[in-house]
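This briefing is for a reader who has not seen the structure before. Please look over the sequence and the model first.

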Amino acid sequence: MKRIITGGLIATASDVYEADLLIEDGKIVQIGRDLSAPGAEIIDATGKYVMPGGIDPHTHLDMPFNNTVTDDDWKSGTIAAAFGGTTTILDFCLSAGEEKLGAAVQKWHAKAHGKSAIDYGFHLMIGDLTPETEEELPLVLEQEGITSVKVFMAYAKEFQATDRTLFKAFKIAKELGAVVMVHCENGSVIDELVEEAKRAGHTEPIYHALTRPAEVEGEATKRAIELAHIAGAKLYVVHVTCKEALDEIIKAREKGYDVYGETCPPYLTLDQSALAQPGFEGAKYVWSPPLRPKHHQEHLWNALKAKQLQTIGSDQCSFSFNGKKQLGLNDFSKIPNGGPFIEDRFSILFSEGVAKGRISINEFVDMISTSAAKIFGLYPQKGTIAIGSDADIVLFDPTVKREISANTHHMNVDYNPYEGWEVIGEPVSVFVRGEYVIKNKEFVGVLGSGQYIKRSLQPTAKTSVTSS
């Protein structure tokens, strides 16, 4: 079906201009003024930004963790993402023990099959590199179109890799043209701090933050950077929370290292005091790395503005407060780590960033979509508005105000960390490959219509993420 979006203000990572879009067969086929096409549906976008659909590079849907499973699966998670303006997610495919990497990927395909309302791809987690997995890894990445692998330096009992495994992953990724994503915390030191706190009788949620100080994130970030540099590999540091880690990224980028950084909405807007609320309320804010004291927020905003951090991921990993979070009622170390952010990523960043003058609308589009598309091999198919690109489009009203609440969100959890927050700016209609998923704030999509997107490895290319 042909559609013409008219009257809106097109916003990309580099431009803002008035124009119409002609969409046909899922692609943007023409951009200009006063467009017409026989039989086309005319969509009036007056007063709204017309921007590329959001790309969320960091989600965990239907993921086993902390002896339970996240509450948002590929149905509720992708519907919520669409309401929030996200049209593509990159989810983490976990591999465990001696499980074949290919089998792990097929397990994730099965989770998404028939459920995803938007497009998606995978990152592949590596916990150990045996001779068998070293041999299998290049084949899986190429066959599945995966351009990124994930290594944990945290969760010593579940996922943490050795430095040797991390270094080997960097070397293999360098040869293949993949990017290595690293969760940078010193898991072994954290475990020791956790045991010390528990021996002293501390069970409260605030000790989740107190046993994961910023220094363990900074130390691990520096270690990952240097190992990546020795291997000549591309490093993407996930969910940066603090000045200590940020300083290491800035120094590395100033030296010309191929290092990229992501932060997430809660680290820009919430702080450690949330975990110190009376009773068990602080458990709502338990995720890793933890929230930091408020002074770290200014450093993160400044780094985004200076392009020292490139992307905003949701790190969606939801557990209901009156359900699975209660597993840690008498032991902070057993509180499932994670929070629900996939739906409000757009609105929080626009309201706290653009509306308050911290970033421009072009920088917003870059952080929410374009940079992730470039880093992970989706650009220019996705992440921009250009002739030939997928018609993944958000009509965004920058003037509307709404109150965030668990009573109205679409995630499958019973709380929202932003409960009662008033935000300005909201996606009104959302298209994936030219088809409505959200129409005038109502879900009209089809579960299972989301497509798995294969990306291309780039062995010799250094990624640029500074313009659209």
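The model is predicted, so local features need pLDDT of at least 70 and side-chain atom pairs count only at pLDDT 80 or more, while totals for chains, interfaces and linings use all residues. Residues are numbered from 1 along each chain as its sequence is written, and side-chain values use heavy atoms, with hydrogens and water left out.

**Helix 2**

- Helix 2 covers residues 101–112, twelve residues in total; helices (H or I, at least four residues) and strands (E, at least two) are DSSP runs, numbered from the N terminus.
- From first C-alpha to last, helix 2 reaches 17 Å, close to the 16 Å expected at 1.5 Å a residue; the expected span is 1.5 Å times one less than the number of residues.
- Leu-101, Ala-104, Val-105, Trp-108, His-109, Lys-111 and Ala-112 are buried in helix 2; buried means under 20% relative accessible area, exposed over 50%, and partly exposed in between (1.4 Å probe, protein chains only).
- Seen down the axis, the buried residues of helix 2 fall within an arc of 160°, so they line one face of the helix; the arc is that of the directions from the helix axis to the C-beta atoms.
- The cover over these buried residues includes strand 9 (64–65), helix 1 (74–83), strand 11 (86–93), strand 12 (119–125) and helix 3 (131–144), where contact means heavy atoms within 4.5 Å.
- Gly-114 follows helix 2 and has a positive phi, near 75°.

**Salt bridges**

- The whole structure holds 31 salt bridges, each being a side-chain nitrogen of Lys or Arg within 4 Å of a carboxyl oxygen of Asp or Glu.
- Glu-134 and Lys-168 form a salt bridge at 2.8 Å, N to O.
- That pair links distant parts of the chain, with Glu-134 in helix 3 and Lys-168 in helix 4 (residues 163–176), 34 residues apart.
- Glu-134 is partly exposed, with a relative accessible area of 30%.
- Glu-248 and Lys-251 are joined by a salt bridge whose closest N and O atoms are 3.5 Å apart.
- Both Glu-248 and Lys-251 lie in helix 8 (residues 243–254), three residues apart, about one turn of the helix.
- Glu-248 is buried at 15% relative accessible area, whereas Lys-251 is partly exposed at 43%.
- Lys-284 and Glu-281 meet in a salt bridge at 2.9 Å, N to O.
- Lys-284 counts as buried at 17% relative accessibility, and Glu-281 counts as partly exposed at 29%.
- A network of salt bridges links Lys-27, Asp-119, Lys-382, Asp-390, Asp-392 and Arg-433.

**Ala-45**

- Ala-45 sits in the loop between strand 6 (41–44) and strand 7 (49–52).
- Ala-45 counts as buried, at 0% relative accessibility.
- Leaving out residues up to four places away in sequence, Ala-45 touches Ile-5, Thr-6, Gly-7, Gly-8, Val-50 and Leu-395.
- Ala-45 and Ile-225 are 180 residues apart along the chain, and 44 Å separates their C-alpha atoms.

**Largest pocket**

- The lining of the largest pocket has 26 residues, of which Asn-66, Lys-157, Glu-158, Ser-333 and Lys-334 lie nearest its centre.
- Strand 9 and helix 5 (187–199) are the elements that give two or more residues to this lining.
- Helix 5 gives the largest share of the lining, six residues.
- A pocket is an open set of points on a 1 Å grid over the protein atoms alone, where a 1.4 Å probe fits, with protein on both sides within 12 Å along at least five of seven lines; lining residues have an atom within 4 Å of a point.
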